[in-house]
Protein chains: 4
Amino acid sequence: MSVEAILRTHPRPVAVDLAVLARCIDECGACEATCTVCADADLAEDDVSELRHCARLCLDCADACGATLRVVGRQTEPDPASQRATVEASLAACGASADECHRHAHHHEHCRLCEEQCRRCIRACEELLAALS
Amino acid sequence: MSVEAILRTHPRPVAVDLAVLARCIDECGACEATCTVCADADLAEDDVSELRHCARLCLDCADACGATLRVVGRQTEPDPASQRATVEASLAACGASADECHRHAHHHEHCRLCEEQCRRCIRACEELLAALS
Amino acid sequence: MSVEAILRTHPRPVAVDLAVLARCIDECGACEATCTVCADADLAEDDVSELRHCARLCLDCADACGATLRVVGRQTEPDPASQRATVEASLAACGASADECHRHAHHHEHCRLCEEQCRRCIRACEELLAALS
Amino acid sequence: MSVEAILRTHPRPVAVDLAVLARCIDECGACEATCTVCADADLAEDDVSELRHCARLCLDCADACGATLRVVGRQTEPDPASQRATVEASLAACGASADECHRHAHHHEHCRLCEEQCRRCIRACEELLAALS
């Protein structure tokens with residue numbers, strides 16, 4: 001079962017390519033969960049004092065992506081400017097989180113996996129943003 | 001890439017079966033997205049006045065599941081009572097949403113798919129709740 | 001302007017005492033913000049390694065209270081079991097957060113203020129829970 | 001007790017005027033609650049089919065403001081681009097919600113109150129955005 005399947009049943013025609021939209025929702029959901037786990041893992045590490053920036057940015061990213069998946073998931077009479085602004089907020093948060101996770105990726109596997117997830121979400125958000133323009 | 005993969009890299013030993021925990025996080029994430037779409041589709045239907053209860057319960061379910069995936073996703077020194085209470089809140093919300101979607105499943109395909117997703121989330125939450133006890 | 005004012009304009013009669021309901025929504029909102037700040041302040045402290053449990057519980061509390069303020073804020077055909085379960089999840093999260101903040105309240109002022117806010121939210125949730133029963 | 005009081009106790013110096021920051025957090029919290037109630041009241045109205053756009057935009061606004069209050073509430077090593085992008089997402093969502101609520105303000109009191117709240121949040125977000133630049 002996928003988000004794409006339920007989007008296909010929506011009574012309003014979806015304005016953008018459904019696969020692009022569904023991918024953005026899926027990746028934002030994956031980012032919300034992954035960044036929540038990475039921030040929590042940072043907190044548990046011995047070198048937590050080196051990971052404050054990482055934890056903080058991952059928390060931001062979880063919040064931004066959680067909001068975005070909901071706002072872009074709604075197809076009933078959307079406001080184009082709000083749709084774009086929420087995707088842009090997720091892009092900024094994912095970018096900051098990916099770059100900081102990258103700095104810790106070689107000694108913390110959760111940071112390596114979280115960077116990967118954030119970069120996947122960035123690609124999905126960029127595709128949706130292009131489709132919304 | 002899966003939530004299970006990043007949970008495996010957490011510095012603290014996870015207290016419960018990792019596959020059970022990951023499934024609950026994944027299903028809560030799927031429920032958050034699916035219920036958001038179903039509530040929005042309800043709003044767009046010609047018979048929206050028959051779907052008020054459904055829309056409302058789906059919004060509740062998205063909120064409850066969004067909170068649960070975060071709270072159970074954290075492994076650093078969890079509070080057992082809070083972990084259980086958040087899973088129970090999702091169970092209640094998913095149950096209400098599934099039952100109401102069931103009433104509309106034969107004429108609204110999004111309700112049929114949403115009921116399915118809520119029931120899958122209920123099974124995953126029940127498994128985690130058993131593991132937490 | 002208050003949440004109580006807009007609740008008074010809702011087309012459906014509110015099943016519980018409006019002042020009790022509005023207080024719960026207000027305190028959950030204050031808890032969401034206060035616990036977010038306290039968790040972040042924990043992360044910035046020199047003794048962050050002593051504050052992992054506090055940060056984690058405050059993040060849980062922000063998530064639980066954010067979900068509760070939305071679920072109880074909706075008056076259209078609510079599901080009583082879901083309403084109670086979400087308030088109980090906030091009660092559990094606020095209790096855990098208040099108790100842990102209390103342990104740090106004498107050397108971290110943000111923990112002292114956060115404990116106070118969590119205890120205020122507990123009282124408001126208990127009042128609403130009694131009214132819902 | 002106010003958000004400003006706990007922000008004052010944060011171990012890191014806050015980069016912007018504390019009163020401006022606290023006002024943005026407070027107004028975003030009020031918007032999250034108010035827009036949740038307005039969307040739910042829309043759903044309960046006899047003319048719900050005229051209020052689909054309003055309900056949808058209020059739900060977006062609640063999601064955007066809930067994310068913003070958390071992201072700007074964190075003071076530990078923030079990412080300036082993410083801070084600005086989340087405030088801009090709330091500005092867009094509040095603007096769309098205020099304009100649509102305005103259209104219904106003369107026959108639905110909850111829309112009138114919600115428009116007022118959204119406009120207050122817009123002012124607070126604009127002040128913070130100016131301070132962040």
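Where does D:Glu77 lie? In this predicted model, D:Glu77 sits in the loop between α3 (52–73) and α4 (80–104) of chain D. Its backbone deserves a look too: D:Glu77 is not a glycine, yet its phi is positive, at about 50°. With a relative accessibility of 29%, D:Glu77 counts as partly exposed, because that value falls in between the limits of 20% for buried and 50% for exposed.

A:Glu77 is found in the loop between α3 and α4 of chain A, and its phi is near 50°, a positive value in a residue other than glycine. A:Glu77 is partly exposed, at 29% relative accessibility.

A:Thr76 is also part of this story, with its place in the loop between α3 (52–73) and α4 (80–104) of chain A. Is A:Thr76 buried or exposed? The relative accessible area of A:Thr76 is 0%, so this residue is buried. Once neighbours within four places in sequence are set aside, A:Thr76 is in contact with A:His10 and A:Arg12 from chain A, with B:Asp40 and B:Ala44 from chain B, and with D:Arg52 and D:Arg56 from chain D. Back within chain A, the C-alpha atom of A:Thr76 is 8.8 Å from that of A:Val14, a residue 62 places away along the chain.

Helix α3 of chain A supplies two further buried residues, and A:Asp60 is one to start with. A:Asp60 has its place in this helix and counts as buried, at 2% relative accessibility. Its side chain makes a polar contact with the side chain of A:Arg56, at 2.9 Å. Leaving out neighbours within four places in sequence, A:Asp60 is in contact with A:Ala93 and, in chain D, with D:Val71 and D:Arg74.

A:Thr68 is the other one, again in helix α3 of chain A. A:Thr68 counts as buried, with a relative accessibility of 0%. What does A:Thr68 touch, not counting residues up to four places away in sequence? The list runs to A:Cys28, A:Gly73, A:Thr86, A:Val87 and A:Ser90.

Next comes the place where chains A and B meet. Here 35 residues of chain B are in contact with 35 residues of chain A. The area buried between the two chains is about 3,000 Å², and carbon and sulfur atoms give 66% of it. Charges and polar groups have their part as well. The rule finds four salt bridges across the interface of chain B and chain A. In a salt bridge between the two chains, the side chains of A:Arg70 and B:Asp63 come together at 2.8 Å, N to O. Polar contacts between chain B and chain A join twelve residue pairs, with both residues at pLDDT 80 or more.

Which elements give two or more residues to the side of chain B that touches chain A? They are α1 (3–7), α2 (18–44), α3 (52–73) and α5 (109–132) of chain B. The largest share comes from α2(B), with ten residues. Sorted by kind, the residues on this side of chain B divide into 16 nonpolar, ten polar and nine charged.

Any two copies of a chain are related by a rotation about an axis and a shift along it. Chain B is superposed on chain A by a rotation of 180°, with 0.0 Å of shift along the axis and an RMSD of 0.0 Å. Of the residues of chain B, B:Gly29 comes closest to the rotation axis, its C-alpha lying 3.0 Å away. Since 100% of the interface residues of chain B are also interface residues in chain A, the copies meet through the same surface.

The same surface serves both of them, as 100% of the contact residues of chain A recur in chain C.

Definitions and conventions
Residues numbered from 1 in each chain as written. Chains lettered and ligands numbered in written order. Predicted model: local features only at pLDDT ≥ 70, side-chain atom pairs only at ≥ 80, totals over all residues. Heavy atoms only, no water. Contact = heavy atoms within 4.5 Å. Buried area = accessible area lost by both parts, 1.4 Å probe. Polar contact = N/O pair within 3.5 Å; in protein donor to acceptor, adjacent residues only side chain to side chain. Helix = DSSP H or I, 4+ residues; strand = E, 2+ residues; numbered from the N terminus. Nonpolar A, V, L, I, M, F, W, Y, C, P; charged D, E, K, R; others polar. Buried < 20%, exposed > 50% of the residue type's maximum accessible area, 1.4 Å probe, protein only. Least-squares fit on C-alpha atoms with pLDDT ≥ 70 in both.
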